[in-house]
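Here is a short briefing for a reader who is new to this structure. Take a look at the model, then read on by topic.

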Amino acid sequence: MFSFFRKEKETNHKGYFPISADMHSHILPGIDDGSPNLDTSIKLIKELIDLGITKSIATPHIISDLYRNTPNTINNALELLQQELKSQEINFEISAAAEYMIDTYFLELIQKKEQLLTIKDNLILTEFSYASTPQEPGKISFEIITAGYKPILAHPERYPFYYGNYKMYNHLSDLGFLLQVNLLSLTGYYGKEALKAAHYMLENNLVAYLGTDLHHERHMSVLKDDRSIKEFHKYLSHRNWNDFF
Ligand SMILES: [Fe+2]
């Protein structure tokens, strides 16, 4: 079973990176816990380009009691960054959406029929709080879907309340959540449990998207490490992960 998965592909991993378009990152300057300023954003983008990434959809957090970003704050930061890329003649396609924490503020936005920032078409990126198991995920997905959106769930492998209960990933997928795994999870960066959960979702063909979830230089140094590239090649090279763009 899982023959592709167990196969060791030790050779030819050099230069391999599983995505050339990234749909999850925090590289807009100064509006969440990602890049603090323009210089850092530009530095991170140059490193993304070195990895073969040509396009990013930046997804700043929208969290009610922490980062109450709006389309305005996000588009202003995007514009600043685009202008800087242009003035430095850096060829990189960047747009913006958001990573919506599923909290009371988010549910209010849905109920008020506010227009949400989408990754593409009607796809929105959502995340659960790490602190507590979401009650009634079926009700949440139903509300999102009836509002006309399709939810992508960011990094399901990072939620401790699902460890040891992997069937929940199948369940979330059945409820309509498109599952997005963080590349860093496959390197062990977030610990063994996240790594095992990510492997489970890959083995069971539950992963719809991959993203960097890049916040800062520490993430970048792990993403570009040769050992990480080797792992990515081993587990991800059986499939084209960019087909969504
Ligand atoms: Fe994120």
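This is a predicted model: local features need pLDDT of at least 70, side-chain atom pairs count only at pLDDT 80 or more; totals for chains, interfaces and linings use all residues.

An α-helix has 3.6 residues a turn, so residues three or four places apart point the same way.

**Overall build**

- The protein has nine helices and nine strands.
- Its radius of gyration is 18 Å, which agrees with the value near 18 Å that a compact globule of 245 residues would have.
- The C-alpha trace spans about 50 × 50 × 30 Å along the principal axes.
- Of the 245 residues, 38% are buried.
- Take the contacts between residues at least 6 apart in sequence: 77% of these join residues at least 24 apart.

**The sheet**

- Six strands form an open sheet with parallel pairing.
- Their order is E3-E5-E6-E7-E8-E9.
- Strand E3 (61-62) and strand E9 (207-211) stand at the edges.
- Each of these two has a single partner strand, so one side of each is left without a neighbour in the sheet.

**Strand E6 and its partners**

- How much of E6 is covered? It is mostly covered, with four of its five residues buried.
- Strand E6 (residues 123-127) pairs with strand E5 (residues 99-101) in the parallel sense, over three bridges.
- Leu125 in E6 stands opposite Glu99.
- Thr126 in E6 is the bridge partner of Tyr100.
- E5, helix H4 (residues 104-111) and E6 make up a β-α-β unit, and this unit is right-handed.
- E6 also pairs with E7 in the parallel sense, over four bridges.
- Here Thr126 stands opposite Leu153 in E7.
- From E6 the chain crosses through helix H5 (residues 137-146) to E7, in a right-handed β-α-β crossover.

**The nonpolar core**

- In soluble globular proteins, nonpolar side chains tend to be buried together.
- The largest nonpolar core here holds 61 residues.
- Which of them touch the most other members? They are Leu28, Tyr100, Leu125, Leu179 and Met201.
- Helix H7 (residues 192-203) gives the most to this core, with five residues.
- Met201 touches Glu157, Tyr169, Leu179, Val181, Leu206 and Val207, leaving aside residues up to four places away in sequence.

**Two loop residues with positive phi**

- His155 has a phi near 35°, a positive value in a residue other than glycine.
- Where is His155 found? It is in the loop between strand E7 (150-154) and helix H6 (167-174).
- Is His155 buried or exposed? His155 counts as buried, because it has 23 C-beta neighbours inside 10 Å and the cut-off for buried is 20 or more.
- Asp213 has a phi near 50°, again a positive value in a residue other than glycine.
- The loop between E9 and H8 holds Asp213.
- Asp213 is buried, with 25 other C-beta atoms within 10 Å.

Terms used
Residues are numbered from 1 along each chain as its sequence is written. A nonpolar core is a set of buried Ala, Val, Leu, Ile, Met, Phe, Trp, Tyr and Cys residues joined through C-beta atoms within 7 Å. A residue is buried if 20 or more other C-beta atoms lie within 10 Å of its own, exposed if 12 or fewer, and partly exposed in between; C-beta atoms are placed from the backbone. Two residues are in contact if their C-beta atoms, placed from the backbone, lie within 7 Å. Two strands pair if DSSP finds at least two bridges between them. The radius of gyration is taken over C-alpha atoms; the globule rule is 2.2 Å times the number of residues to the power 0.38. A crossover is right-handed if, with the strands pointing away from the viewer, the path from the first strand over the helix to the second runs clockwise.
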